[in-house]
Amino acid sequence: MTISLCGCTTFNNFKAAFIDPKDEELKIVKIGVLEPLTGSDAAGAADEVKGIEIANSIYGYVNGAKIELVYADNQSEVSLCDAAVNSLIEAGAVVILGSYDSVLTLASSDVIKENRIPAIAITNTNPIVTSTNNYYFRVCYTDEFEGNAAANYIYNQMQTTNTAIFYKEGYDYANALASAYKAEMENLSGVYDNIVTIKFSEGRGDFTELFENLQEISPDAIFFPGTLQDAKTVISEAIEQGYNFNWVGTSKWDGINLEGVCYTLDYDPDMPTTKQAGVLAAKYKELYGESKAVPEATALGFDAYLLAASGLNGSDFIDDRELVTQAIEAVTSLEGATGYITMSSSGDPIKEVLVEKYENGTRSTVYTITQEGDARE
């Protein structure tokens, strides 16, 4: 039971540390689940919660204690986030998971920091979540890293700097990724101010003129940080008009299934890279049906729980929030469903990110890159 999970964590020692105890008189240690269980964000949060609960059902013990989940509903409202966090602290949570939606997480950040309780964001890609709070960690990669990954793929794998950026005006996510992509491409190539950016407005119905502009530029690749629906609309129209552009997108494109399209991805349920991915997939199919693929948010929720449990197991006193924080900071090579996770000094995960390509009716991994975070502010 004293196996250290702050070193290289294998599937077998994780299993031994978190499954074996059966004593009903064991001490209880609590992990808080901070999520919009109701309101406009509830549907998105549901997949995260599924991952947390599946992990708890499999790995429910740590350091001679039973792990109990306690819940707080911020109701998708920024104004209710402080009260939700405080309710978890009052309930005795030693570490907190969530919230869904970076805005809700940031609204909870001050209370997290003031109470020095470690918290783990699951699908929050906004870099501010971890950069401004030493007690916040995350298991997903950041917005900017998707831009970096796309630039590395195009530069190193496609071996070109002749690229363009294409995205929707007023979309903060796209703007952040476009800036990161441009900066990384310039850093890799040493060539500056040669990437053309083309933007389109919300609700635009005809992209012919923009396609003509792209054709004139004749880029070898187009980075398009857009939503799945925008990507389907734009790329389908380009194909119908006979344009053969090489589009590179982000994880929001998962499931696009358009010939030749590439996109970054945190996790592919059809191509598991760890035993933990298989454990999660088997349990998910048991609960939700053989035809159901594990959503990325569920896999990340699963990994957030494993990271929290590793922090509890790596601490000499599982009730000491500072020691648990330090143990989470020290985690290396934790085997999760989305890959092996090492925590960086920024509170972000160091792990491989995939670039997948849809070709000839199937998806395949064509490139991998490892994210490493910078130090916190």
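Trainee: Which residues have the most contacts inside the largest nonpolar core?
Mentor: They are I31, Y59, L97, I120, F302 and Y305, in a core of 49 residues. A nonpolar core is a set of buried Ala, Val, Leu, Ile, Met, Phe, Trp, Tyr and Cys residues joined through side-chain atoms within 4.5 Å. Buried means under 20% relative accessible area, exposed over 50%, and partly exposed in between, with a 1.4 Å probe and protein chains only. Helix 11 (residues 296-314) gives the largest share of this core, ten residues.

Trainee: What does L97 touch, leaving aside neighbours within four places in sequence?
Mentor: L97 is in contact with I31, G32, V33, L34, I52, I120, I122, A304, Y305 and A308. Contact means heavy atoms within 4.5 Å.

Trainee: And which residues does the second, separate core include?
Mentor: That core has 25 residues, and I154, A174, I195 and C262 are among them. In soluble globular proteins, nonpolar side chains tend to be buried together.

Trainee: Back up a step. What kind of model is this?
Mentor: It is predicted: local features need pLDDT of at least 70, side-chain atom pairs count only at pLDDT 80 or more, and totals for chains, interfaces and linings use all residues. Residues are numbered from 1 along each chain as its sequence is written, and side-chain values use heavy atoms, with hydrogens and water left out.

Trainee: What is the mean pLDDT of the protein chain?
Mentor: The mean is 91, and 93% of the residues reach 70 or more. pLDDT is the predictor's confidence in each residue, from 0 to 100. Over residues 1-7 it stays under 50.

Trainee: Now helices. Which residues of helix 10 are buried?
Mentor: Q276, A277, L280, A281 and Y284. Seen down the axis of helix 10, they fall within an arc of 135°, so they line one face. The arc is that of the directions from the helix axis to the C-beta atoms. Helices (H or I, at least four residues) and strands (E, at least two) are DSSP runs, numbered from the N terminus.

Trainee: What is on the face turned away from that buried side?
Mentor: Exposed residues K275 and E286 sit there in helix 10. G289 follows the helix, with a positive phi near 110°.

Trainee: What about helix 12? What do its buried residues pack against?
Mentor: Strand 4 (93-98), strand 5 (119-121), strand 6 (136-138), helix 11 and strand 13 (339-343). The buried residues of helix 12 (residues 321-329) are V324, T325, A327 and I328. They line one face too, because they fall within an arc of 165° seen down the helix axis.

Trainee: Where is the cis peptide bond?
Mentor: It joins G98 and S99, with omega about 10°. S99 is in the loop between strand 4 and helix 4 (102-114). Most residues other than glycine have a negative phi, and most peptide bonds are trans.

Trainee: What is the phi of S76?
Mentor: Phi of S76 is positive, near 65°. S76 lies in the loop between strand 3 (65-73) and helix 3 (81-90).
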